[in-house]
Amino acid sequence: MDDFLVKFFHSVYVKKHQVHEDNYCKYDNQGLQLFTSSLYLAALIASFGASRVCSAYGRKRTMQIASIVFLVGVSLNAFAKNLIMLIIGRLLLGFGIGFANQAVPLFLSEIAPVKYRGGLNILFQLMVTIGILIANLINYFMEKIHPWGWRVSLGLASIPAMLLLLGSLVLPETPTSLIERGQEKEGHDTLKKIRGTENVEAEYSEIVHACELGREVKHPFRNLMKRQSRPQLVIAICMQIFQQFTGINAIMFYAPVLFQTIGFRNDASLMSAVITGVVNVGSTIVSILVVDKWGRKVLLLQACGQMFLTQLAIGGTLMAKLGNTGGLSKPVAITVVSLVCLYVMSFAWSWGPLGWLIPSETFPVETRTAGYAFAVSSNMLFTFLIAQAFLSMLCSMKAGVFFFFAGWIVIMAAFTVGLLPETKGISIDEMTDRVWKQHWFWRRFMAPHSHPARVPAA
């Protein structure tokens, strides 16, 4: 928004309105990129502290801490008088996100019945996409309110934080979290309550066994470095790296900037971002409906093909039609927006939600919070790097930046075919025996007698 740029990034505002400014470089400003990316740097640091809080105090308490820290950050952003205040608020938002991203997917994976685990966990990503859409809609309308519309945009982030805080007060703690902290009776009662039946002994027995194994591990982060933990750790970190190197956050963070670069006016570019937000939400719903029927790998590989082709098409179109100055003709600009929508569509039913689902369901209980902390921190690190670098990459590589991301998608497809096991329909506490010990490559890392299989109760 121009009012926001005038107050905090005046040099960007001046460049933006220069007639002959390079299309690809008008937003290349390290301060602006730092404002965007500082949130993810803070989330990276917070995720490790959140892991310990999650284990010691539970998923529910971690969500409450996330909400409170986020609310403080929102207040600083909405009432910011200078760039320092803005960045500090942004860092606090990052700490809140680090805690929430640690607790919420674990909460969902542990509370969901096995046959619905994939779809229920993807609801987390669906809410993220709905949040993006709502934020884009708010920005579209607030952009017309001068000179304080940007304050409303930033301040309204307090609403989801309040919803998370109030929701976490009434939600139950997960049975796994209660049992691993020695509250077996409460865990048993909670399991009966959330399953709606008294017949939970088989599942309860599996959770107790997994937690007993977990208690034997006094140093989960150290245990995570052991050979038998390597498959889950590598998969979790790679999923997060690849999720970012699809280029999705480069497009979603900077969608209004990107659409302005190809010639849309300010309000038109925000509306284009809204359109991609709608596609994002709709496609995530598709993932919820099919992930537990078709499996994880089918969705990931289909998306690799679609994302690769659309990235090549976007890069090729911009290379051929968009010079350093001037804009695109309306038909070509609409074509680019359509290609971006096809790209977002494929990401939203695959690498977006599954990048969070797969790490949350593959770690055994003794390394689950520590392992997931590595997943969250890896995601935030590479989100930070892409957010900090994208506008500079766009300036130096121009349309070639889309070919850069297309190259990574080829690597992702090879990784999915060769190294990613299918986890559909397998309970979390049976992953070691039914997934890792059976995989052609990862089984060599498994100790012969680690995590003995339990025979379910009749």
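The structure holds 1 disulfide, a disulfide being a pair of cysteine sulfur atoms within 2.5 Å. This is a predicted model, where local features need pLDDT of at least 70, side-chain atom pairs count only at pLDDT 80 or more, and totals for chains, interfaces and linings use all residues. Residues are numbered from 1 along each chain as its sequence is written, and side-chain values use heavy atoms, with hydrogens and water left out.

The disulfide joins cysteine 25 to cysteine 395, with the sulfur atoms 2.0 Å apart. The torsion about their S-S bond is about 95°, so the disulfide is right-handed. Cysteine 25 sits in the loop between helix 2 (10-16) and helix 3 (30-57), while cysteine 395 belongs to helix 20 (residues 368-397), so the pair ties together parts that are 370 residues apart in sequence. Helices here are DSSP runs (H or I, at least four residues), numbered from the N terminus. Both cysteine 25 and cysteine 395 are buried. Buried means under 20% relative accessible area, exposed over 50%, and partly exposed in between (1.4 Å probe, protein chains only).

Cysteine 304 is in no disulfide. Cysteine 238 counts as buried because its relative accessibility is 19%. Cysteine 304 also counts as buried, at 3%.

Next, arginine 296. It lies in helix 17 (residues 296-321). Is arginine 296 buried or exposed? Its relative accessible area is 1%, so arginine 296 is buried. Its side chain makes a polar contact of 3.4 Å with the side chain of threonine 423. A polar contact is a pair of N or O atoms within 3.5 Å; within protein, one must be able to donate a hydrogen and the other to accept it, and residues adjacent in sequence count only if both atoms are side-chain atoms. Leaving aside residues up to four places away in sequence, arginine 296 touches several residues, including Arg117, Leu354, Glu361 and Glu422. Contact means heavy atoms within 4.5 Å.

Finally, helix 8 (residues 158-170). Its buried residues are Ala161, Leu165 and Ser168. Seen down the helix axis, they fall within an arc of 70°, so they line one face of helix 8. The arc is that of the directions from the helix axis to the C-beta atoms. An α-helix has 3.6 residues a turn, so residues three or four places apart point the same way. The buried residues of helix 8 pack against helix 4 (59-78). On the other side of helix 8, Leu163 and Val170 are exposed.

Terms used: Helices (H or I, at least four residues) and strands (E, at least two) are DSSP runs, numbered from the N terminus.
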